[in-house]
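Below is a briefing on one protein chain. Look at the sequence and structure before reading on.

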Amino acid sequence: MNENNNISTNTVKRTKNKKFNFIDALLIVVAVTVAATLVYVFLPSSFFKKLLSDDTKEVQYTIEFVAVDEEFLNNVQIDNIVYDSVSKSELGKVYSVDYSNPYEELVYDESTNTCVLTSVEGKYNVQVTVTATSQYNEGEGYSVSGTRIAIGEKIYARFPNFVGEGYCIGLTVKEDAQ
């Protein structure tokens with residue numbers, strides 16, 4: 001009977017001597033880190049999958065510059081490189097330029113008590129179509145060198161002989177020819 005008491009006393013002493021220490025905490029941290037990394041890597045929206053995927057597409061987008069003075073019309077040429085004037089990154093190459101749209105303003109005509117669209121002499125709306133390689137990100141859309149390209153998006157563009165801010169008014173994604 002004494003032996004049974006000794007065995008149970010030794011068992012109790014062993015469990016009482018076990019304390020939570022630094023090595024236990026380190027093992028728990030490592031286990032949680034490994035589990036979190038595995039979940040992160042295998043999720044469908046994983047950062048690593050985005051890095052490895054090739055979501056680049058050729059796009060053509062049109063920027064409209066409003067009320068450009070006549071003296072600057074020929075400053076944008078086909079094959080000019082376009083830069084973002086804020087980030088200084090390349091936005092593509094000029095594919096075409098349309099200078100034919102006169103700038104119009106809404107003017108109130110007192111005699112007829114109506115508003116009329118009237119062309120402003122010496123001012124034009126310039127439409128520049130740019131070709132570029134873009135990156136597609138789900139939820140964000142297309143971007144070229146980190147600049148978002150979307151219809152309605154303001155673009156700050158710099159050409160060799162012209163700087164202006166305009167809005168993207170058209171976007172076409174070129175399909176891969178396979």
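Which residues does Thr129 touch, not counting residues up to four places away in sequence? They are Gln60, Tyr61, Thr62, Lys93, Val94, Tyr95 and Ser96, where contact means heavy atoms within 4.5 Å.

This is a predicted model, in which local features need pLDDT of at least 70 and side-chain atom pairs count only at pLDDT 80 or more, while totals for chains, interfaces and linings use all residues. Residues are numbered from 1 along each chain as its sequence is written, and side-chain values use heavy atoms, with hydrogens and water left out.

**Thr129**
- Thr129 is in strand β4; strands (E, at least two residues) and helices (H or I, at least four) are DSSP runs numbered from the N terminus.
- Thr129 has a relative accessible area of 14%, so it counts as buried (under 20%; exposed is over 50%, partly exposed in between, with a 1.4 Å probe and protein chains only).
- The side chains of Thr129 and Thr62 are joined by a polar contact of 3.2 Å.
- A polar contact is a pair of N or O atoms within 3.5 Å; within protein, one must be able to donate a hydrogen and the other to accept it, and residues adjacent in sequence count only if both atoms are side-chain atoms.
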